[in-house]
Amino acid sequence: EPFVVNPALRIIKTGDWNPHFQIYPGGFIYLQTLAASASAVQMAGTGELAYTTDLRSGLETKYLWTISHPKVYLFGRFLAALLGALTTVVVWRIGHLVYGPTAGVVSGFLLAFSPLAVALSTIIGTDNPATLFMMLAVLASVSIQSERPPRLAYLAAGVSVGIAIGMKYNAGIVLLVVLLAHLLTPRAQRKLRDLAVVLAAMTGA
């Protein structure tokens, strides 16, 4: 958690949006910067924080877990829980569209009560936001599977994949799902068959 919270606090204090930390993608640190900013506003309203420069972290003390205002972690963990809840809704929707209402409810239920998913929803980590946007990419891929897939589905898939990578580098593997969904569309299948015929004819010639 401090590997993400500390750079976020530095951004708030200095206004320098360069995280100066590349182990985690910048997108995830920026997301936590928003959560930390919300906590700073709330604490300023209650008189707990006078100036953002009063925020102290491990970057100042050299002890990783130093935090002058623990509410920063509270807001970050609340965001993690919210993202986990949204992921459950998206998974429900995917199951509903692909296999029907019962499958949607069961899949959402299984994720909601998964011990790992619950644990990840209580800490500030890359997994929850990355999983949410990976599932949004899968949801868009379901729409791509239609006879005439809407362009908006491709746009949503591309944006979701991009943000997922911004949350966790290896989340980019979900791009394979989008590509596979496109290749399995009726239009793409026809083009592949036409290509196969042309290649076969060229080979025979």
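**Note on a predicted helical model**

1. Start with α1. Its 13 residues should span 18 Å at 1.5 Å a residue, and the end C-alpha atoms are 18 Å apart, so the two values agree. Keep in mind throughout that this is a predicted model.

2. Which residues of α1 are buried? They are P2, V4, V5, N6, P7, A8, L9, I11 and I12. These buried residues pack against α2, α3 (58–61) and α4. After α1 comes G15, with a positive phi near 80°.

3. Next, α2. This helix has 21 residues. From first C-alpha to last, α2 reaches 30 Å, close to the 30 Å expected at 1.5 Å a residue.

4. The buried residues of α2 are F28, I29, L31, Q32, T33, A35, A36, S39, A40 and M43. What covers them? The cover includes α1, α4, α7 and α8.

5. Now the core. The largest nonpolar core has 38 residues. Within this core, L9, L55 and V72 touch the most other members. Several helices each supply at least two of its residues: α1 (2–14), α2 (26–46), α4 (71–99), α7 (127–144), α8 (151–167) and α9 (175–183). In soluble globular proteins, nonpolar side chains tend to be buried together.

6. Which residues does L55 contact, leaving aside neighbours within four places in sequence? The list is L9, I12, K13, M43, L49, E60, S68, H69 and V72. Two of these partners, L9 and V72, are named with L55 as touching the most other core members. L9 and I12 are also among the buried residues of α1, and M43 is among those of α2.

7. Turn to the largest pocket. Its space is about 180 Å³. Two or more lining residues come from each of α4, α5 (101–112), α6 (115–120) and α7. Which element gives the largest share of the lining? That is α6, with 4 residues.

8. The pocket lining has 13 residues. Of these, G84, L111, A117, S121 and N128 lie nearest the pocket centre. By class, the lining holds 6 nonpolar, 6 polar and 1 charged residues.

Methods
Residues are numbered from 1 along each chain as its sequence is written. This is a predicted model: local features need pLDDT of at least 70, side-chain atom pairs count only at pLDDT 80 or more; totals for chains, interfaces and linings use all residues. Side-chain values use heavy atoms; hydrogens and water are left out. A nonpolar core is a set of buried Ala, Val, Leu, Ile, Met, Phe, Trp, Tyr and Cys residues joined through side-chain atoms within 4.5 Å. Buried means under 20% relative accessible area, exposed over 50%, partly exposed in between (1.4 Å probe, protein chains only). Contact means heavy atoms within 4.5 Å. On a 1 Å grid over the protein atoms alone, a cavity is a set of points where a 1.4 Å probe fits but cannot get out, and a pocket is an open set with protein on both sides within 12 Å along at least five of seven lines; lining residues have an atom within 4 Å of a point. Grid points are joined across faces, edges and corners, and a volume is the space filled by probe spheres set on the points. Ala, Val, Leu, Ile, Met, Phe, Trp, Tyr, Cys and Pro count as nonpolar, Asp, Glu, Lys and Arg as charged, and the others, Gly among them, as polar. The expected span of a helix is 1.5 Å times one less than its number of residues.
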